[in-house]
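Please walk through this structure with the coordinates open. The account below goes from the confidence of the model to its symmetry, its helix contacts and its sheets.

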2 protein chains.
Amino acid sequence: MAVGAPPSIDIPPVPGFRFAATASGIKASGTDDLLLFAMTPGCHAAGVFTRNQIVAAPVVLCRERLAGGVARALVVNSGNANAANGPEGLLDARAMTSRVGALLGVPEHLVLAASTGVIGQRLPVDRPLKAMDRLVASLAGENWERAARAIMTTDTFPKAASRGFRLRGRECLMAGIAKGAGMIHPDMATLLAFFFTDAAVSAAALNGILHQVMAGSFNAITIDGDTSTNDTALVFASGLAGNVPLTSADEPEAGPLIAAFSDLAAELAEMIVRDGEGATKLIRVMVEGARDEAEANQVAMAVAKSPLVKTACFGQDPNWGRILAAVGYAGVPLDPATVSIHLGDVPIVVGGVRAPGYREERGEEVMSREEIPIRIDLGLGQSRRTVLTCDFSHDYVSINADYRT
Amino acid sequence: MAVGAPPSIDIPPVPGFRFAATASGIKASGTDDLLLFAMTPGCHAAGVFTRNQIVAAPVVLCRERLAGGVARALVVNSGNANAANGPEGLLDARAMTSRVGALLGVPEHLVLAASTGVIGQRLPVDRPLKAMDRLVASLAGENWERAARAIMTTDTFPKAASRGFRLRGRECLMAGIAKGAGMIHPDMATLLAFFFTDAAVSAAALNGILHQVMAGSFNAITIDGDTSTNDTALVFASGLAGNVPLTSADEPEAGPLIAAFSDLAAELAEMIVRDGEGATKLIRVMVEGARDEAEANQVAMAVAKSPLVKTACFGQDPNWGRILAAVGYAGVPLDPATVSIHLGDVPIVVGGVRAPGYREERGEEVMSREEIPIRIDLGLGQSRRTVLTCDFSHDYVSINADYRT
């Protein structure tokens, strides 16, 4: 199930990047589970990772290897998270990146890795190792949909998109793929998201821009409040567009890149929520009138994570008392008398109480939509924050009760 | 549905307390929805309330009226929370306590109130007001089960228990009733819990003891992480046991009262989790080896609140990766290499990785039980904390999607 029809994927090659996917046998289903990206020499890279203190082996590798800000390859497997596997997990991850390095003729420390799937089962590393030859042989610049499919776990549709933008007089392109579905919560919000651009950007600028973009996109969504051991977002810039390189995220000329990247990341983040496990509704929690953005975020997250709000959305019940209760326990000092809430354009709470003249049918109409906008005005200040989430359905329970069986 | 057979209720009268329940018509079902307690003159009282900033009208009343530490009556309705109803809500609550005061001949400011049910609908106050006469006429010292039933909402069984104890040479008794089921999370953990003892205890001592007892019982359970606008726990001490009054919670002689009260509160708290909305499992999350109790609690709550852990319990899946991931995102600094986890007596994680020799069947056996003990040793210190929760089932979703329909 997913909220809304998945967008079609029609993305041109991004100069500087070749990739290929295959079924290596990690997934019992026999579908693609291994994805390799090869980058042109001098490709810059930056990453952000889960804040979970239990981190998967590939996250450990990436953190070490991104120190130089350069990457030549990325190998990703789905079907096994390679997390909580101790020193053996690290050996397995290194075996994969070492093989990739040898086959591509690049230093191993420039090969990054990512994994997604079940935690705590040893990766059957011989299978991806065996598949690596044919993967390298089939590297090409096209078929982003297949790439996006290869990293899916409980996702029901592949997530990829692209944006063009103009940077210092050159036409540039950025493509991105992501996978999500469960264990979605900042920070990071998705298990895996990878972005590829031909713009020329220094490693430092790329890192600054990535953090800025993530805060407004992947860190503004939540499915179930659980953060994963594997959450990884990486961005690569090949520089082949030939623009004079950006050297700082603060340069005014960074604007079009930041705008395109933000827009692309927001689109992928929204796709992840639309494909939230068992989701039947997309819920947009917009908090305004907060003293600062952190407080706006705190209230929006409390509402977006409330199982009672999420089940009410599934049941299409305009139970605004639950929304108001979540606002009240968010931990932000407030005065109920200044709080108002809209469902779509329908005022349901004014001054902390049921809005005058509110009729239940009007709330029900909004709740029956596939997208439910909840707008909360705290009446305390000028700051705002929007968080996306989905509802809690029977299917969420089914998917997660039976995930490994 | 509930985990385990509900205990039978066989509680003798507690000297100093009379009560009665009736169906006043607030609940459409026609079942009891109004409960009145009358206390002997000089009865001491103390209370703790929700930390939600949106509070129901009766909570506002109780906070004001408990300042003197004396109460003569308590009126409780179910079926309507009388929350988020603005000044009218407060007027309705006052109308009820004023009527009770007049009928019992006690000052209104010694009458407490509590409500539970749907938020944000005006209380049809004429109905309880009309029923008050017959309620006062039928006050008696028996039928605790009926009292416990009258405060139920989505609860599937009434929750009441008692304990005897000896205080300064006198035999004393304490009875308690509670209701819970959803919106259960510290602080407070239950919508409503009321305790009645004939022990003589000063208001100050009673207040100190109540806070101490709640921390280890009602604040150590979570169903869905939502705190309600109405959470209320009250304790009343009539003094009719005739002991020399306790004047401080720190007196050594307070021991037997604290022990009995703690034990009683823990029993009722566990009943609430057993009757958690849609619960099929009781999950006991025991964290030990923490640096302090606050950190132990933080980790235990993260695990107990994780939708992924709770759905895995429903699915009887020993998915220890999810438990470990929740430990990792709890926000407590830790070293995965010192973390171990037991499911019942079965070691599943040692040093942050799958326990040597662990076989899936052994984990499955524990997960198939009605009570699932999860023991987590952080390996950091000597402090511990146990939190009770239940699983996330299809029925949880059904109950909360359709609550008002």
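The model has an ipTM of 0.78 and a pTM of 0.84. In chain A the average pLDDT is 91, and 95% of the residues reach at least 70. One stretch of chain A, residues 183–190, stays under 50 in pLDDT, although the model gives this stretch 57 contacts beyond four places in sequence. Where pLDDT is low, the predicted coordinates should not be read in detail.

The relation between the two chains comes next. Two copies of a chain are related by a rotation about an axis and a shift along it. Here chain B is superposed on chain A by a rotation of 180° with 0.0 Å of shift along the axis, at an RMSD of 0.0 Å. The two copies are thus related as by a two-fold rotation axis. The C-alpha of His394(B) is the one in chain B nearest the axis, at 2.7 Å from it. Both copies use the same surface, since 98% of the contact residues of chain B recur in chain A.

His394(B) also takes part in a contact between helices of the two chains. The axes of H11(A) and of helix H11 of chain B, residues 394–401, come within 8 Å and cross at roughly 170°. H11(A) and H11(B) are therefore roughly antiparallel to each other, because angles over 145 degrees count as such. His394(A), Val397(A) and Ser398(A) of H11(A) make the contact with His394(B), Val397(B) and Ser398(B) of H11(B). By class, these residues are two nonpolar, four polar and no charged.

Helix H11 of chain A, residues 394–401, packs with helix H8 of chain B, residues 307–314, at an angle of about 75° and with the axes 8 Å apart. The angle makes H11(A) roughly perpendicular to H8(B). From H11(A), the residues in contact are Tyr396(A), Val397(A), Asn400(A) and Ala401(A), and they meet Pro307(B), Leu308(B), Thr311(B), Ala312(B) and Phe314(B) of H8(B). This contact has seven nonpolar, two polar and no charged residues.

The sheets can be followed within single chains. In chain A, five strands form an open sheet with mixed pairing, in the order E3-E9-E8-E7-E6. Strand E3 (44–49) and strand E6 (159–167) of chain A are at the edges with a single partner strand each, so one side of each has no neighbour in the sheet. From one strand to the next the twist averages 15°. Strand E7 (residues 170–179) and strand E8 (residues 192–197) of chain A run antiparallel and are joined by six bridges. Ala178(A) stands opposite Ala193(A) in E8(A). Helix H6 of chain A, residues 255–274, packs on this sheet and touches E6, E7, E8 and strand E9 (232–237) of chain A. The direction of H6 makes about 170° with that of E6(A).

In chain B, an open sheet of six strands has the order E13-E12-E11-E14-E10-E15, again with mixed pairing. Its edge strands are E13 (353–354) and E15 (383–390) of chain B, each pairing on one side only. Strand E10 of chain B, residues 282–290, pairs with E15(B) in the antiparallel sense over seven bridges. Arg284(B) has Leu388(B) in E15(B) as its bridge partner.

Methods. Residues are numbered from 1 along each chain as its sequence is written. Chains are lettered from A and ligands numbered from 1 in the order in which they are written. This is a predicted model: local features need pLDDT of at least 70, side-chain atom pairs count only at pLDDT 80 or more; totals for chains, interfaces and linings use all residues. Side-chain values use heavy atoms; hydrogens and water are left out. Axes are lines fitted to C-alpha atoms, for helices over the stretch in contact, and angles run from 0 to 180 degrees between N-to-C directions. Helices (H or I, at least four residues) and strands (E, at least two) are DSSP runs, numbered from the N terminus. Angles under 35 degrees count as roughly parallel, over 145 as roughly antiparallel, 65 to 115 as roughly perpendicular and the rest as oblique. Contact means heavy atoms within 4.5 Å. Ala, Val, Leu, Ile, Met, Phe, Trp, Tyr, Cys and Pro count as nonpolar, Asp, Glu, Lys and Arg as charged, and the others, Gly among them, as polar. Copies are superposed by least squares on the C-alpha atoms of residues with pLDDT of at least 70 in both. pLDDT is the predictor's confidence in each residue, from 0 to 100. Two strands pair if DSSP finds at least two bridges between them.
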